[in-house]
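Trainee: Could we go through the charged pairs together?

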Amino acid sequence: MMFKLLVIEDHALVREGLVRLLGQLGEGVSVVESADFEVALNHLENGGEFDLVLLDLALPGIDGFAGLDILRRHYPAMPVVVVSAFDDTPTVTRVFNLGASGFIPKAFSGEAVLDAIREVLAGKIYRPAGRTHLDAATPLPPSREGVRPEEIGLTERQTQVLGLMIHGLSNRDIAEQLQLSLGTVKIHASAAFKALGVSSRTQALVAVARYGVDFSDVF
């Protein structure tokens with residue numbers, strides 16, 4: 001089977017390791033590598049069709065999510081798989097909401113990476129089985145823009161409840177302001193915590209600050 005793959009990764013050691021690993025997919029596989037997003041776009045514009053792109057989120061010069069969005073809009077038929085050290089729940093959710101065909105944590109073994117890529121090349125979506133819960137040590141991908149709530153899986157009502165929490169309102173106050181029952185507020189709060197990968201109000205406040213969740217269009 002002939003496959004042409006593009007690896008966009010700025011760390012030379014990781015990039016070279018991925019290129020060698022991808023060679024194990026078979027003799028018909030050719031791999032083009034790029035350490036820079038703009039150079040990668042030139043490859044895409046001038047190098048013919050690619051069957052798959054492997055994209056790192058932490059690239060110099062561009063927000064990785066913005067890069068993913070550009071690839072999906074300009075090349076909608078081409079699968080993009082994100083390979084990243086940032087594997088917390090909101091990051092993975094955001095990647096798939098932006099149209100990625102797969103997410104591969106950098107902690108994966110070589111064989112697990114190959115299995116994931118084979119699934120995507122076969123036309124499937126690859127999602128990692130486990131997700132990392134956010135804690136103080138969880139690294140987050142650099143982002144120059146605020147994150148829209150829907151990008152990380154928050155519904156409008158969950159975002160409203162979370163936004164009022166950020167402003168210090170109690171669950172009872174939130175229920176009164178949104179004209180909901182206290183039980184319904186608790187359900188929305190729990191769902192928001194799950195989307196953020198946290199388990200408490202305090203952790204949620206920290207997560208919102210770290211991700212830069214944008215509440216400007218909530219109310």
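Mentor: Gladly, and one term comes first: buried means under 20% relative accessible area, exposed over 50%, and partly exposed in between, with a 1.4 Å probe and protein chains only. This is a predicted model, where local features need pLDDT of at least 70, side-chain atom pairs count only at pLDDT 80 or more, and totals for chains, interfaces and linings use all residues. Residues are numbered from 1 along each chain as its sequence is written, and side-chain values use heavy atoms, leaving out hydrogens and water.

Trainee: How many salt bridges are there by this rule?

Mentor: A salt bridge needs a side-chain nitrogen of Lys or Arg within 4 Å of a carboxyl oxygen of Asp or Glu. By that rule, the count is nine.

Trainee: Is Glu151 buried or exposed?

Mentor: Glu151 forms a salt bridge with Arg94, and their closest N and O atoms are 2.7 Å apart. Arg94 has a relative accessible area of 6% and is buried. Glu151, at 6% relative accessibility, is likewise buried.

Trainee: Which residues join Arg148 in one network?

Mentor: Arg148 forms a salt bridge with Glu150, the closest N and O atoms being 3.1 Å apart. Salt bridges that share partners link Arg148 into one network with Arg94, Glu150 and Glu151.
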